[in-house]
Amino acid sequence: MLIPTFKETQPISAKDVLSNGEFQQSIYEESQGFSESAYWHKLSFPKTTTPNMGQTIHLALNYYVIEHLDFYLFHGDQLQSQWKRGALESWKGDTKRYNGIWIPISLSNEQDTTLLVRKQGNSPLLTPFMLFDDTNAEAKKEEKLIFWTFIISSLVILLAHNVFVFILLRQPGFVYYLGLNIIIFIALSVVTGFSRWIFSEEISQWIIRNLFVIFGIGAWILFRFSIHFLKEVRIPSPQSLIRKYGDSIFIIFLLSTQLFSVKTAALLFACLEVFLFFICIYWGIKAYLKGFIAVRFYLFSWFFLIIGSILNTLIFWKILPINLFTESILPISSMLQLLAFAFAFADKSKQFERNRKLQALTDSSTNLPNRTYYFDKLPTLLASIAPHSPQLALVMIDISNYQTLNQAFGPAKADSVISEVIQSIHQQALRMEGVLSFPLPNKSINKVIRITATNIILISTTPDQIKQQILKIQRILDTPTLVNKIHFRHQYKIGSALYPTQGADLDKLYQNALIANHSVTYSSGNWAAFTDNLKSNHAHQLGLITQLTDDIEHEKLYFHIQPQVNLADRSIIGGEVLVRWHNKHLGQVSPAEFIPLAEQTGLIYKLTDMLLEKVFQWAFEHPAALSTQRLSINISALDLLQEDFANQVIEKLQNHHLSACKFTIEITETSIFQNNNIVHNNVRQLHHAGFKLAIDDFGVGYSSMQNLVVLETDELKIDQFFVMNLLNDPQSQTLCRNMIDLCKALNIVSVAEGIESEEILQLLLQCQCQIGQGYHLYRPMSPNDYLKLLD
């Protein structure tokens with residue numbers, strides 16, 4: 001209905017408007033939008049027909065954000081009453097503010113009654129008036145009171161429930177969620193008018209003046225909460241533009257509310273609502289597709305909240321009318337939002353439980369099944385497939401140079417490199433036929449289980465093709481990895497065992513595959529299949545380790561000395577100390593058998609310490625042994641990786657009052673020395689103390705030219721493999737000659753091991769080799785025999 005309207009062009013009183021105002025119905029629509037002008041509406045009522053009896057009707061107004069709103073009641077031209085109901089005006093202590101804006105219009109039976117309504121402000125000046133008689137007015141007031149009591153109570157109960165769940169589950173974003181619902185509550189109080197019921201006049205008026213600041217903060221909180229709610233699935237990704245610069249959009253909006261008019265701020269906020277609608281829906285769908293089930297109700301919640309907010313904005317822009325239905329949109333959508341989040345939290349708690357179970361079954365670095373999965377879940381899986389696959393093969397892969405990586409690049413980089421290699425093996429396994437899949441609670445496809453940091457397994461369902469399958473895995477492992485611009489080649493061992501013939505349960509199967517794995521030697525290849533012989537050998541090795549541990553503890557190992565001679569004049573220039581072990585149960589055990597075991601089990605450190613102590617004590621007691629000769633002592637390369645090794649050796653030497661220049665330290669297995677500061681520090685300290693350093697078994701194993709520099713080598717010992725083949729192998733002759741020439745060029749002493757005949761000795765002399773040792777010259781002998789030889 002079009003209401004007569006007057007546009008105020010200059011300040012004017014209500015009486016002047018009544019008598020002189022030119023009211024036109026044609027400008028009513030203009031008065032409903034944004035305007036800097038003030039507008040007057042006139043509602044006229046004829047005098048009542050009942051003599052001596054008045055009648056009252058009630059005008060109701062449901063829009064509460066008009067800043068200045070005044071009502072003037074006239075009987076004829078006499079002002080009867082005046083009410084201020086503007087958002088920025090005092091309502092003079094009216095105690096029934098929660099009932100809304102209700103103006104009692106008492107009609108006269110003597111004169112016409114006129115109600116003038118003046119409105120002015122920066123917001124839309126929407127005035128959809130409704131008229132009620134006394135009975136209907138009371139019913140309407142009570143209806144609204146019940147409605148808002150129900151809405152507010154429901155919101156408070158739902159919010160309290162969600163806050164409790166939030167605290168219970170310790171979910172991220174609690175402050176954002178609570179802040180968002182406080183903003184929603186404030187927005188509802190303003191839109192529906194009960195802000196004056198719960199806030200003071202001053203606070204209520206401040207809210208009206210900063211309404212879009214509050215709305216903008218609410219939109220930003222919703223944005224931040226969404227990021228926290230979805231952080232488990234990394235949506236949005238930390239690298240995305242919206243994650244990096246999203247906050248800036250809201251900061252710009254908040255600044256604009258201070259720089260531009262309310263109309264412009266309202267337009268920008270409408271754009272912000274549409275932006276949030278699409279971005280939250282997009283994130284929700286993306287999270288759901290990634291398996292984040294709890295996002296179902298997140299989508300439902302934000303869909304209704306933002307739609308409700310957008311529809312409420314359409315009322316602001318007078319695209320939708322103001323009535324009981326449209327008034328209810330925002331509170332009902334807010335209630336649905338809280339209700340949906342109650343379900344979302346329940347879903348998320350279930351998701352947490354699923355994630356907890358998943359984490360218990362997976363490796364955190366690679367997300368592959370872990371040791372717990374192997375022993376707890378795999379038995380059930382094997383039992384289900386056993387009738388269809390009567391024979392399976394467990395393949396165990398151990399990347400054995402993890403410690404080398406640790407020492408060279410640090411634990412973080414080592415873990416990263418190993419995880420990367422394992423992921424590459426997994427990708428290869430996914431492409432292979434005949435490899436068992438290991439299902440996880442998140443329904444991901446996996447074909448590799450990570451048992452330890454360096455140990456992984458897969459199960460072949462086609463044991464007859466296991467060789468081809470292992471070859472494909474070896475290609476991955478044989479490909480060098482680029483680590484800090486260095487191409488690093490992995491060392492690995494692969495063992496396999498058949499199920500159920502070589503292990504009827506997973507514990508036994510794992511044990512046998514591990515035995516096969518440990519039986520691998522790099523000279524014999526990288527893969528060994530389990531056999532009964534391996535099991536016997538393994539049992540023998542366990543026995544050796546037990547006896548060796550006990551005999552080292554009781555210092556029952558001893559040493560022999562093999563003299564070294566100057567090949568030019570056959571004079572003895574010193575001897576090499578060789579450790580020996582005779583056990584009362586096992587008899588004489590070869591160093592080739594127990595030294596590798598000592599290195600694998602960590603006994604090598606105690607063995608070296610015991611040997612140095614025995615040699616230094618003997619040298620102290622027999623000074624003649626070092627009067628003109630030297631002693632060479634073999635140590636493991638692992639010893640040099642001990643941070644305090646050099647200090648301990650020097651301290652032992654000083655305790656026995658010996659000179660370091662009389663000793664040479666011989667080292668084998670030098671692949672791990674590259675770029676290792678601990679090795680460099682130990683070498684420097686040993687050299688500074690006066691020790692000579694020699695590379696043993698040069699030409700085989702892991703020795704390299706670079707080690708000559710790293711170890712600041714004084715001697716180079718040519719391996720007996722080349723020396724013993726000098727007479728019948730031209731290649732060995734060439735290699736020996738070149739190694740001797742290299743020693744001369746670098747001013748390094750050349751020592752030939754394994755001289756078995758005079759003919760070999762003469763060939764070495766022709767090549768100008770300096771020092772030699774071997775059975776043709778002297779066999780290893782006891783220290784006492786060595787002393788007699790020197791006499």
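Reader: At 17% relative accessibility, does K140 count as buried or exposed?

Author: With a relative accessibility of 17%, K140 counts as buried, a class for residues under 20% relative accessible area, whereas exposed means over 50% and partly exposed lies in between (1.4 Å probe, protein chains only). The model is predicted, so local features need pLDDT of at least 70 and side-chain atom pairs count only at pLDDT 80 or more, while totals for chains, interfaces and linings use all residues. Residues are numbered from 1 along each chain as its sequence is written, and side-chain values use heavy atoms, with hydrogens and water left out.

Reader: Which side chain meets that of K140 in a salt bridge?

Author: Side chains of opposite charge can pair when their charged atoms come close. Here the partner of K140 is E143, at 3.7 Å from N to O, in a salt bridge (a side-chain nitrogen of Lys or Arg within 4 Å of a carboxyl oxygen of Asp or Glu). Because they stand three residues apart in helix α2 (residues 134-169), K140 and E143 are separated by about one helical turn; E143, at 39% relative accessibility, counts as partly exposed. Helices (H or I, at least four residues) and strands (E, at least two) are DSSP runs numbered from the N terminus.

Reader: How many salt bridges does a search of the whole structure find, and which residue forms one with E758?

Author: The search of the whole structure gives 15 salt bridges, and in one of them E758 pairs with R570, the closest N and O atoms being 2.5 Å apart. Since E758 lies in helix α25 (residues 758-766) and R570 in the loop between β16 (558-566) and β17 (571-583), this pair ties together parts that are 188 residues apart in sequence. E758 is partly exposed at 27% relative accessible area, and R570 is likewise partly exposed, at 36% relative accessibility.

Reader: Where in the chain are K652 and E613?

Author: The side chains of K652 and E613 meet in a salt bridge of 3.4 Å from N to O. K652 belongs to helix α20 (residues 645-655) and E613 to helix α19 (residues 604-621), so that the pair links distant parts of the chain, 39 residues apart. K652 counts as buried at 14% relative accessibility, and E613 as partly exposed at 29%.

Reader: Which residues are linked in a network of salt bridges, and which side chain of opposite charge is nearest to D551?

Author: The network of salt bridges links E576, E666, K717 and E753. D551, found in helix α17 (residues 532-553), is buried yet has no salt bridge, the nearest side chain of opposite charge being K556, 4.4 Å away; Lys and Arg count as positive and Asp and Glu as negative, with His and the chain ends not counted.
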